[in-house]
Every structure is written in structure tokens, then in C-alpha cells.
Amino acid sequence: MLDRRAGVPWLFVAPLVLVMVVGFVWPLLQVLVNSLHPNTPQGIDAAHWTLGNYARLADPFYGEVLVRTLRISVIVTAITGVLAYPVALFVSRLPPRAQSLFLLAYISPWLINTVVKALGWTLLLRTNGVVNTLLRGLDVIASPLKLLISETGVIIALVPGHFMFVLLPLWVALSGLDPALSWAAGTLGARPSAVFWRVLLPMTLPPFVAGLVINFIMNMTAFAIPMLLGGARNMVASMLAYQVNLVSLDWPLGGALAVALVAFTLTVVWAGQRGAVLLVSGRGARA
Amino acid sequence: MSLELVDVAKTFGTVHAVDGVSLSVASGEFFTLLGPSGCGKTTLLRLIAGIHPVTAGRVMLNGRDITHSPMHTRNLAMVFQNYALFPHLNVFDNVAFGLRSRRVARDEIRTRVREALALVKLEALAERLPAQLSGGQQQRVAVARALVVRPDLLLFDEPLSNLDARLRDEMRFEIRDLQRRIGITTVLVTHDIEEAFTMSDRMAVMQGGKIMQIGRASEIYRSPANRFVANFVGPINELALSDIETVGGRRRARAAAQLVVWLPNAEEGFGRNAQSLLLRPESLRVSAGKIETENRYAGEIEDVIYLGATSECRVKIGEVRLSAVMPSAAAAGLGPGERVSVGWNAQDGVLVDAG
């Protein structure tokens, strides 16, 4: 009787496990296997095994693409983290109706097709676009900034695009926080900045980091915006993967690239999480 | 460290949560804000703490005007209803929080936290997280966390309402005892009359954002300022009065349109316009034999309810129904339908105006 009941939870998760295995794990393994075969003009040579595809990644060109992807993603995630926290704090203290309106405003970029968004940004960021015209009109700059076909443009467009992935979990966490905790800290002599570092941030760290991780992964895998706003000269990993897999049709190299990207992303995510925990516990003890 | 409030008011939108409150709490005094939920007592406490800004009025702590001081500069400490312990910090770090805010040296922090934990008998649990403590232990940590900073003023917001009945009784005396030993000026908010009576030196009874009466427990119980206070601090019998007259220097009136009753002698003018006579159940005498009170009537027992040490007797005098409480031994021989004498001394009655 007991044993049969113990099986019930597994029954509930079984459909999802099946979908994940068939639709995700199996193709991923296939990619891994492909990456270990040599590529020939006739296609994948399944009879032979090699690490040659990984050796090809040592080419400085691929390294440059990976570093650029990482740089853009880290900058976007950092900007988003710094901007999202005050917004989440502000929104969580509004009346419920205002909260929904604000959240909707921050979610709305996600509701628009990425390609359409990228074209919109083109209008804003090009040499004679709204931003440059405005800045020159206000005499902030003398000559137009190169915002299109540059990393700057990609970063500017990615921040609002993936903002909600940090904002939403933070907002949920902050809304659920007992206001008496801040009051207790305040009456005990903590200034508002200390309340943030010693109470709010440590207590909301898990959802905050979760949001940053999702945001970072979204940035690492973004395709349309880097493609349309960064151009081929600012190639990122997703564009490279597209080119190798779908233009060159070199699946073994594509596989090696994919495996490297997954390993790379997971490493950065792990290091980031460790770092965030250490940062807060260090600040908390000192503050 | 004395606390003084002058015409303090707080408005949320169109709601007057606190409506012109003035009071002063002496140094070392245990003062209670007592009232039903929604009377504004918790809001008033938060105004004192600086959690909400006041809409009008002044808050003075030891002669210093702190009306507009941010809460972290007020040097007071508050124990919250749900304790508000920091869940990510262990007991030691929770208690040390206020000392670290004040940049106290590391060694002194260790000594003072140990002392504070010893005071609430929790030395052994310094490494535990709040989630690993019982309600009573969390309460003690909250008290230690507040006391360790040596605040000028200690605030309690319904600190005992989340504890079970037995622990609540125990903590009442423990907190009261601690407060006396340290001699710290304290303001407590509660809706529990017994809590207010057992713990405080003086109390303010609040309703609708206003103070109805300030006084010692005995004053509030025996001479309530109005019908609300009388009702709030204990069960009462109420008789509507008419035809008040003075006979041979004593005053009498018609009560509930049926009984002629002698009224309590009062200072000049007091109770001249009184419209009701209030009687505490324990000031009524009920007996099968003769009684010697100034007001006495023939009545009949409707019901006797055994309450342990005391019993409640419901009696009827004509059509007037009264409730009397007496030691159970005195009620032993009484039963429904029995003819009895019912009475009270004129001085035990309380006169109140309408409203």
C-alpha cells in the first residue's frame, strides 16, 4: 500500500520527464556524439571518432566570438541587476492596481516580436536616428555616436528586452517580505542603505540571482538583436552557431561549439552564484 | 527618559487613524495603549517609532523633539507582534544587529549580546536560526534584540498575542519584571484588558483614534469616563435613568422606568446630566436571606452559571434583568426560580452620559 503511494509523485512528473528526454536530452546527446565525429564533404563520418572539432575551436576567431558574447551578456545582466532592484522595490510598494500597470509596462517589450523590436531600435539608434538627433540638438555630442552595428547598440536593446526576467522574481520576493523586517532594522538604528545590504538583499538573494541567471542565459543565446543591431562584425555565439550549422552545414563543428557554449555558460552561472552569495555575506558582516 | 505626545494626528487618505492624541509617559513608566482593533493604537505606536510620518502634532523624547527624526536616529527599540526576527541571521546575529548598526566594537558586541541572551535565558541557543525556535523563544530573542541597544524607549506591539495562553501569562510577568529591573520607559499596545492591567503602571483607552481615558487600572475599572470604557474593560449592567432628584442631600432616580435607585454621591456637577447607571456584576449582592445594601429589591433567579472560582447569577427584578458574579461558595444554594434579595451599595454604581 505504502509502496504504491510512493510511486504516485513519479507518475505526475512522468509526462514532463518523457518530453524532456525525447525533446531535449536525446538531441543534446546526439549533438555531443556528432561533435566527436569528423566532418566530410559527404556528411558526418560516424565510423571515426575525433577530438579535432574541439581543437578547431582554439582558433582565435572562435575565442573572440565567445569572449564578445560573454562580455555583452555580463554587461547586460549587470546593468539589468542594478536597474531592476530599485524598480522592483518601488513597484512592490505601490497600490495593487498601479503595480499591475507598471509590471505590464516592463513586460511589454517581451510581447513584441524580436525582429520588430530590433527594427524599432534601428530607427532610434542609427546615425540620423532619434537618439543622435536629440543628443546633438541638446549639444551633448558634436558628432553622431556609432550606436548601430556596435556592441553598444546590442547592449542598449537587450537590457529592456530581458528586463522582466530579473524584475518579476524580485517583485514577487519583495512583495512577500514582511514590512516589519525593514521597520525592525530601522528602529534598531540601521540607515536605509544598511537595511538594503543587511536585510533586503540577503533575504531576496535567491530569487534575485535566479533572475540574473535566466537573464544571463537569455543574453548568451540572443540571436535576432545581435544579428540586426551588431552585424557580422560583432558576431556572437548564436550567430556563429547558425552559420556553422545551417550555412556551412558542418554539424560536428557546430556540435563542438554547442557543447563548449553550454559548458562555458554553466561555469559562468555557477561562478556568478557563488560570487553573489560571498559578496552579500561579506557586506552583511561588515555593514 | 520621558515621552510626550502633543496633539499627534495621522491621516491615511480620508481615514483619521490617530486623531489628536496628547499624553505623557514618565521616565521608567510602563504605559499601555489599550483598545479594540482599529482604534489607532498600533498606528500611534508606529508614529512614536517613526515608521510612519505624523500628519500633525509633536513627539518629544526626553525633551528632544523627534517628530521628524528618521527612525534609525531615535534610539528606541520595538518588539513586533510577529517578532520580525531576521530569518537569515542566527540568534546571536539577530541580537547583535542593533549594536553593529551603532558600530560598537567587536568584543563589546560579544559581551553585550551574551548578557542580553542571559537576561532572557537563551545563552544556549545563540547559534540557532529563528525558524528553529519555538514561539516563546522567538519572543525572547526579540526582547533581547530590543534591550541590548539600551534604548531610551521600548515599544511593544501586541507582543504576546501569538503565544498560547499559559506561555502568555508567564511572559507577562517576565516582561514586567525585566522592565522594572532595567527601569526602561515602555509603551505597550494591546487589545487584551488583562494584559494591560497586569503589566502597566498606567494606560490609555483608545477608540476611533482618540484617547477616551488615561489612568491606572483601578481608576479605569472603577470610574470609567464613559460607557465605551466601562464596556471595554469588563462586563457591566446598564440601567437607563430618568427623574433624577435630590432627597435629603442624596440623589435618587428612576432606573429602567421601574426601580427607584439611590445614586452614587458625586462631586459638584458630576453626573448631573447622567443618563445611565452602570453596575459591575461583582458589586451586586444576591442572597436568599436579608441583605444590607442601600439599594435592595426582591427578585427571582433565572439561571446560575458555574465558572469555577466564581459563579454568574442571572436575576430578574420585575422586568429588569441583571447579571451578578459572586464566589461559587456563595452561590451554592441558589437555583433557577428561587426568590432572592438583590441589591448594591449606591457608591458602587457608575454614572455615565449618553454616548
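Predicted model: local features only at pLDDT ≥ 70, side-chain atom pairs only at ≥ 80, totals over all residues.
Residues are numbered from 1 along each chain as its sequence is written, and chains are lettered from A and ligands numbered from 1 in the order in which they are written.

Chain B is assigned domain 1 (3-228) and domain 2 (237-352), the bounds coming from an automatic or database domain assignment. The C-alpha centres of domain 1 and domain 2 of chain B lie 40 Å apart.

Four strands of chain B form an open sheet in the order E2-E1-E4-E5, with antiparallel pairing. Strands (E, at least two residues) and helices (H or I, at least four) are DSSP runs numbered from the N terminus, and two strands pair if DSSP finds at least two bridges between them. Strand E2 (15-25) and E5 of chain B are the edge strands, each pairing on one side only. Eight bridges link E1(B) and E2(B) in the antiparallel sense, and Ala9(B) has Asp19(B) in E2(B) as its bridge partner. Strand E1 (residues 3-12) of chain B is also joined by five bridges to strand E4 (residues 56-61) of chain B, again antiparallel; here Leu5(B) stands opposite Val59(B) in E4(B). Two bridges pair E4(B) with strand E5 (residues 64-65) of chain B in the antiparallel sense, and Leu61(B) has Arg64(B) in E5(B) as its bridge partner. The hairpin of E4(B) and E5(B) has two residues between the strands, and Asn62(B) in this hairpin takes a positive phi near 55°. Helix H1 (residues 41-49) of chain B lies across E1, E2 and E4 of chain B and runs at about 65° to E2(B). Axes are lines fitted to C-alpha atoms, for helices over the stretch in contact, and angles run from 0 to 180 degrees between N-to-C directions.

A further open sheet of chain B comprises five strands in the order E15-E19-E16-E17-E18, with antiparallel pairing. Strand E15 (285-287) and strand E18 (320-327) of chain B stand at the edges with a single partner strand each, so one side of each is left without a neighbour in the sheet. On average, neighbouring strands of this sheet are turned by 40° against each other, direction ignored. Strand E17 (residues 310-317) of chain B runs antiparallel to E18(B), to which eight bridges join it; Val325(B) in E18(B) is the bridge partner of Glu312(B).

In chain A, helix H4 (residues 60-92) and helix H8 (residues 151-161) pack at an angle of about 40°, with their axes 9 Å apart. H4(A) and H8(A) are therefore oblique to each other, where angles under 35 degrees count as roughly parallel, over 145 as roughly antiparallel, 65 to 115 as roughly perpendicular and the rest as oblique. Ile72(A), Ile75(A), Val76(A), Ile79(A) and Thr80(A) of H4(A) meet Glu151(A), Val154(A), Ile155(A), Leu158(A) and Val159(A) of H8(A), contact requiring C-beta atoms, placed from the backbone, to lie within 7 Å. The residues of this contact comprise eight nonpolar, one polar and one charged.

The contact between the chains takes 17 residues from chain B and 16 residues from chain A. Strand E6 (76-79) and helix H2 (91-101) of chain B each supply at least two residues of the side that touches chain A.

Conventions
Contact = placed C-beta atoms within 7 Å. Nonpolar A, V, L, I, M, F, W, Y, C, P; charged D, E, K, R; others polar.
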